Amino acid sequence: MTCTSTLTTLILNSIATSSTTRLRHVPTRNPLSPHFSHFLPFHSSSARATTIFQNSGLPLIKRRLLLPIASSLQLPLLPFNINEVLVPTERKTLHLYEARYLSLLDESLLRKKKLFVHFVLDPISISDSTGEASFAAKFGCLILIENVERLDVGALVTIRGIGRTKILNFVKADPYLLGVIIPMQDEIPESSSKVSSKVVEVREAIYNLNSLEIKLKQTPNEASLQTHITNSLLWAEKEPSFECDEDFIPSLAERVSFAALQPITGSTEAELLKLQRLKLEAMDLKDTYQRLEDSLEIVKENISMVAAKLAIQSLEIQ
């Protein structure tokens, strides 16, 4: 059996038969999927293993080892399923406790400036003859490790999305994936003043939504918590203070355009699924202004939804 068929068979088996959660999200109040099946096992013994993947926007191709180019980084890669896309400015916490994930963590902390790449594997075709799947490596996001809490078993790792990336090449697969990435950023806007005005609108709308969300929270402890969307916005507004090639850091406007793509208090499963779809669309866009407009519409819808929930909550209290 070829390396390619072995790899795709292992991927299919891991999705179909996994009964334990080896890499877990620490759930937020309304997680989309409280358990994520284990890190897809790429057990190839060769660093030059030929693997079929599809680079975003390109035909399905057979990849080969490529040399790094300007503005590229070689980093550990952590794959997730298509429902777990992470966008720039987003923060989440993972519980890592298997040896290979802890090795990836140590590599990122000790030699990679606390950086690695979060990406999703999107099944794009299944062979009629073999039943094997081909996957597109898509929606890469450069990740900064913000905090690590060592546990008796593994570690809780808080991560932050920095900017979109494209995977050029998979260098090795054991004990974890390692690849070469390049930055992906929006096209330069024709009117910077137009974009700046829209950034102000989105900021104001997010702060208005945050005020409503705080009122909707039930207990005094909850009321003091920062909402997901405001946490993302506050990070987006800061000048990046970590060590990284500036080509990988999006502009302020691009960062703010992603900040609205966060779950709100009391989100239903259907609302979270919709949010995932919106995230995928946002990751594909190259137009900052369009994403800002889309984000503004999302925030306005959420303001209306939270206001309605507040009205119902006040009636119940009476």
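In this predicted model, helix H3 (residues 192-216) is built from 25 residues and spans 36 Å between its first and last C-alpha, close to the 36 Å expected at 1.5 Å a residue. Its buried positions are Val195, Lys198, Val199, Val202, Ala205, Ile206, Leu209, Asn210, Leu212, Glu213 and Leu216.

A pair of helices comes next. Helix H5 (residues 228-237) packs with helix H6 (residues 252-259) at an angle of about 175°, and their axes lie 9 Å apart. Because angles over 145 degrees count as roughly antiparallel, H5 is described as roughly antiparallel to H6. On the H5 side, the contact is formed by Ile229, Ser232, Leu233, Trp235, Ala236 and Glu237, which meet Leu252, Arg255, Val256 and Ala259 of H6. Sorted by class, this contact holds 7 nonpolar, 1 polar and 2 charged residues.

Turning to the interior, nonpolar side chains tend to be buried together in soluble globular proteins. The largest nonpolar core here has 27 residues, of which Phe116, Val157 and Leu261 touch the most other members. Two or more residues are contributed by each of strands S4 (73-81), S5 (91-96), S6 (115-126), S7 (133-150) and S8 (155-172), and by helices H2 (99-111) and H7 (269-284). Beyond its neighbours within four places in sequence, Phe116 contacts Leu75, Pro76, Leu78, Leu104, Ser108, Cys141, Leu142, Ile143, Ile145 and Ile159. A second, separate core of 22 residues has Val195, Ile229, Ala253 and Leu310 among its members.

Ser71 sits in the loop between strand S3 (61-62) and S4, and is partly exposed, with a relative accessible area of 25%. Although Ser71 and Ile182 are 111 residues apart along the chain, their C-alpha atoms are separated by 6.3 Å. Leaving out residues up to four places away in sequence, Ser71 touches Ile181, Ile182, Pro183, Asp245, Asp247 and Phe248.

Some backbone geometry deserves mention too, given that most residues other than glycine have a negative phi, and most peptide bonds are trans. The bond from Asp174 to Pro175 is cis, with omega near 5°, and Pro175 falls in the loop between S8 and strand S9 (177-183). Lys113, in the loop between H2 and S6, has a positive phi near 60° and is partly exposed at 49% relative accessible area. Lys114 also lies in the loop between H2 and S6; its phi is positive, about 65°, and at 41% relative accessibility Lys114 counts as partly exposed.

How values were computed
Residues numbered from 1 in each chain as written. Predicted model: local features only at pLDDT ≥ 70, side-chain atom pairs only at ≥ 80, totals over all residues. Heavy atoms only, no water. Axes fitted to C-alpha atoms, helices over the stretch in contact; angles between N-to-C directions. Helix = DSSP H or I, 4+ residues; strand = E, 2+ residues; numbered from the N terminus. Parallel < 35°, antiparallel > 145°, perpendicular 65-115°, else oblique. Contact = heavy atoms within 4.5 Å. Nonpolar A, V, L, I, M, F, W, Y, C, P; charged D, E, K, R; others polar. Expected span 1.5 Å × (residues − 1). Buried < 20%, exposed > 50% of the residue type's maximum accessible area, 1.4 Å probe, protein only. Core = buried A, V, L, I, M, F, W, Y, C linked by side-chain atoms within 4.5 Å.
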